[in-house]
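Here is a short tour for someone meeting this model. Keep the structure open while reading.

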Protein chains: 2
Amino acid sequence: MSKIKIAQFGLGPIGLETLKLAATKPWVDIVGGIDIDPAKIGRPLSEITGDPGIRNAWVFRSLDDLLVRVKPDVIFHTTVSQVSAAYPQLEPMLRRGINVVSSCEELLFPQLREPDLAVKLDKAGKDGGARLVGTGVNPGFVMDVLPICLTGVCRQLTAVHLQRVVNATTRRGSLQKKIGSGLTPAEFEARFQAGHAGHAGLRESAALLAHCLGWKLDELLETGKAMVARRAIRTRFVEVRKGQCCGLHQTVVGKVDGQTRLTLDLKMYLDAPNPHDACQLESDPPLNLVINGGVAGDAATVAALVNVVPRLLRAAPGLLLMTDLAVPSYA
Amino acid sequence: MSKIKIAQFGLGPIGLETLKLAATKPWVDIVGGIDIDPAKIGRPLSEITGDPGIRNAWVFRSLDDLLVRVKPDVIFHTTVSQVSAAYPQLEPMLRRGINVVSSCEELLFPQLREPDLAVKLDKAGKDGGARLVGTGVNPGFVMDVLPICLTGVCRQLTAVHLQRVVNATTRRGSLQKKIGSGLTPAEFEARFQAGHAGHAGLRESAALLAHCLGWKLDELLETGKAMVARRAIRTRFVEVRKGQCCGLHQTVVGKVDGQTRLTLDLKMYLDAPNPHDACQLESDPPLNLVINGGVAGDAATVAALVNVVPRLLRAAPGLLLMTDLAVPSYA
C-alpha cells in the first residue's frame, strides 16, 4: 500500500504539531511545508519541527513552488478562522486535485456565513477530484459531532444542551490572549462585539447540529462576556490583576418557532476549576453525558486533523461536513 | 421526495416498537410485516401495533408473500442473535434489492464468527444493489460506536476500557430471564458456558473496536458470572430469592501481543444502583466519558434501527459496518 503524501500549509503551533503527529503514522509520507514567514522558507522541516525523522521535506513560499517539486495527496491547512480568508488558499489546492483537511473554524459548516463560497469550494473539489473538510476539537467534535452521534440513539428529541469549560491556564499563549486575559471586561466585550476576540466556530457548531437534526433555526443568537478574575493570576504567558478579564463566557442559543432547541455554553478562562464537556439531551431516552476533565484542546485538534485523513479519502470529492464522513476513529 | 417503503420482519416486542417509531417519521411509509406466528398472519399492522395511523399494511407469512403485494425499500429485521440463523432470512432480501437494518447482534461484526457468511452477505448485497447493517444500542452504540468516535480526537491510544451497568428491573421480561434471574448461580454459569444465557454481541463490540483501531487481537477472552441477589427481589416479571442469580456480569478482554488493550465490563442485574455507561481511554489526551443513568436499552435500540436508515441508503451496496456509515444522528 503506497503512503499518503502530506504537506502542511501554515507552520504555526498547530501546524507544527499536526506535522509531527502525521509523521508518526506509518501510512504518511511528509513531503513539504508552505509558509509565508521568510525565516522558515527554504529550510528543512526536520529543523523547523525538531523531528529528524521528517526527511527530504522543505518549506516553500507558495503552493506553486511546492508543486514544482511534489504533488501532495493531502494538505493540512492551519492558517485562518474565516472561510473568506481561507478561500483563496483552498481553491487552488482543490482545483489541482489535492485533498484538504483544514482547522479553519468556519469550515465546519461554511454554509452558515459563506454559502456562495461553500458552493464554489464544492465545485472546485468536484472539478479537481478533491475533498475538503474542516475539523478540530471545537468546533469539530465536543460541541457538534459528539452530541450529534449521541442523538443517533434517540427515539424523540426536543433539545440539545451543551457546556464546555476549559482551563485556559493549561493552553498556549495565543489562546490565553484570544480570550482577553488582562483586558478590562469592557475592553474585552467591545472587542468581542467587533469580532476581534472570542472563540471562532461556536455558531458553526450549532448550525451543524441543526443541519443534521433537520431543524430550521429561526434564531441563532450569540453572546460573549468577560470572565472576571477574582484574584491576581499569572501564567507562563500572561498576567491578570483582580477585576480584569481572565477569559470568556460565550453562548449560542438556537430557536425553532420561538422555542429554544439548542444551547451551547462555552467558558474558557484562566484557573477554571473542573474543566469538562457535557451534553444533556431532552430526548427519549433522556441522555446525560459528561467528559470529566474535558477534551484537551490542542492535542485533540491535532489528532482530529490527522485521524480524519483515511476517512476523507474514502469519500466522494467535494466540500464535506464531518457528519458526511464515516464515524471518527483513531487512525 | 418520495417516502421510503418499510416492512418489518419479526413482530416481537422490539419489532413492534421499531414499527411504531418508524411510522412517526414523515419520510417513512409502512408497507407490511412478516412473521411466522399464525395468530398474526393476515391481520392489519394497525391492529397488532395498536397504531391506527399504520394503514393498508398487513402481516404476511413470508417475504415471498409480501413481495406479491409490495416491494419495500428497507426491511427491519429483528428475529435472532446469530448470523447463522439470520443468514437464510437475510440473503433473499439482499438478492431482491431490499436494504436491511438488523438487530441481530452478531451482525455488528459478522466477520468475527461467520467470515464466510459475511462474504456471502456482502456479495448478495452487491449483486442485488442492497445494503445490510447490524445495529442497536449494545452492540451498536455504547460499547463500540461511541468509544470509537471518541478515539477520533486521540493523538496516541494505548487501551480502551468500557463499563456498562444496566438496571434490569426497568427492562422487559425476556431480558430479565435472559440474564438468569431466579436461577442458582451455578445453573446460570452452566447455561452461559453452553451459550444459552448471557448478552449477545459483547465480543462483536470488541472486534469492531479492534477493527477500527487497526489492532490485531491475539486473544479475545469472554467470561460470564452470576450476580447474586443479596435480598429477595420481585419485579413485574420475575421473583428472585436471596442467594439466587439476579443478573449477569460479563466481560471481554482483548489483548495485542499479550498486552491488554480492550476491556468491556457489562453488568445487567435487577435493582442495580447507579446505572451508567463509561469509557476511559488510555490516550493522549486522556479521556474519561460517563453517561449518567446509562443509555436505556430498548428505546435506544429501536431508535438506532430507525435512525440509521437515511445514512444506510446513502452508502454503497453490500454488507456494511456501523463505522462505515456517516456519523449517527437523529433522523
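**Overall view**

This is a predicted model. Chain A holds ten helices and 15 strands. Its C-alpha atoms fill a box of roughly 55 × 50 × 35 Å along the principal axes. The radius of gyration of chain A is 20 Å, which agrees with the value near 20 Å for a compact globule of 331 residues.

**Two domains**

Chain A is assigned two domains. Domain 1 covers 4-136 and returns for 299-324, while domain 2 covers 145-294. The centres of domain 1 of chain A and domain 2 of chain A are 26 Å apart, taken over C-alpha atoms. Where they touch, domain 1 of chain A gives ten residues and domain 2 of chain A gives twelve residues. On the side of domain 1 of chain A, six of these residues are nonpolar, two polar and two charged.

**The parallel sheet**

Seven strands of chain A form an open sheet with parallel pairing. Their order is β3-β2-β1-β4-β5-β6-β15. Which strands lie at the edges? They are β3 (59-60) and β15 (318-320) of chain A, and each pairs on one side only. At the β3 end, β2 (residues 28-34) of chain A is joined to β3(A) by two bridges, and the two run parallel. Ile34(A) has Phe60(A) in β3(A) as its bridge partner.

Helix α1 (residues 13-23) of chain A lies across β1 (4-9), β2 and β4 (74-77) of chain A. It runs at about 160 degrees to β2(A). Helix α4 (residues 83-95) of chain A lies across β1, β4, β5 (99-102) and β6 (131-134) of chain A. Its angle to β5(A) is about 150 degrees.

**The antiparallel strands**

Next come β7, β13 and β14. Strand β7 (residues 156-167) of chain A runs antiparallel to β13 (residues 276-284) of chain A, with nine bridges between them. In this pair, Arg164(A) has Asp277(A) in β13(A) as its bridge partner. Strand β13(A) also pairs with β14(A), again in the antiparallel sense, over six bridges. A hairpin of two residues links β13(A) to β14(A). Ala278(A) stands opposite Val290(A) in β14(A).

Pairing continues into the other chain. Strand β14 (residues 287-292) of chain A is joined to β14(B) by three bridges, and the two run antiparallel. Here Val290(A) stands opposite Val290(B).

| Strand pair | Sense | Bridges |
|---|---|---|
| β2(A) and β3(A) | parallel | two bridges |
| β7(A) and β13(A) | antiparallel | nine bridges |
| β13(A) and β14(A) | antiparallel | six bridges |
| β14(A) and β14(B) | antiparallel | three bridges |

**How the copies meet**

How is chain B laid on chain A? A turn of 180 degrees with a shift of 0.0 Å along the axis does it, with an RMSD of 0.0 Å. That is the relation of a two-fold axis. Both copies use the same surface: 100% of the contact residues of chain B recur in chain A.

The contact takes 41 residues from chain B and 41 residues from chain A. On the side of chain B, the elements giving two or more residues are α6 (145-151), α9 (202-213), β14 (287-292) and α10 (297-307) of chain B. By class, that side has 30 nonpolar, eight polar and three charged residues.

Key. Residues are numbered from 1 along each chain as its sequence is written. Chains are lettered from A and ligands numbered from 1 in the order in which they are written. This is a predicted model: local features need pLDDT of at least 70, side-chain atom pairs count only at pLDDT 80 or more; totals for chains, interfaces and linings use all residues. Domain bounds come from an automatic or database domain assignment. Two residues are in contact if their C-beta atoms, placed from the backbone, lie within 7 Å. Ala, Val, Leu, Ile, Met, Phe, Trp, Tyr, Cys and Pro count as nonpolar, Asp, Glu, Lys and Arg as charged, and the others, Gly among them, as polar. Copies are superposed by least squares on the C-alpha atoms of residues with pLDDT of at least 70 in both. Helices (H or I, at least four residues) and strands (E, at least two) are DSSP runs, numbered from the N terminus. Two strands pair if DSSP finds at least two bridges between them. Axes are lines fitted to C-alpha atoms, for helices over the stretch in contact, and angles run from 0 to 180 degrees between N-to-C directions. The radius of gyration is taken over C-alpha atoms; the globule rule is 2.2 Å times the number of residues to the power 0.38.
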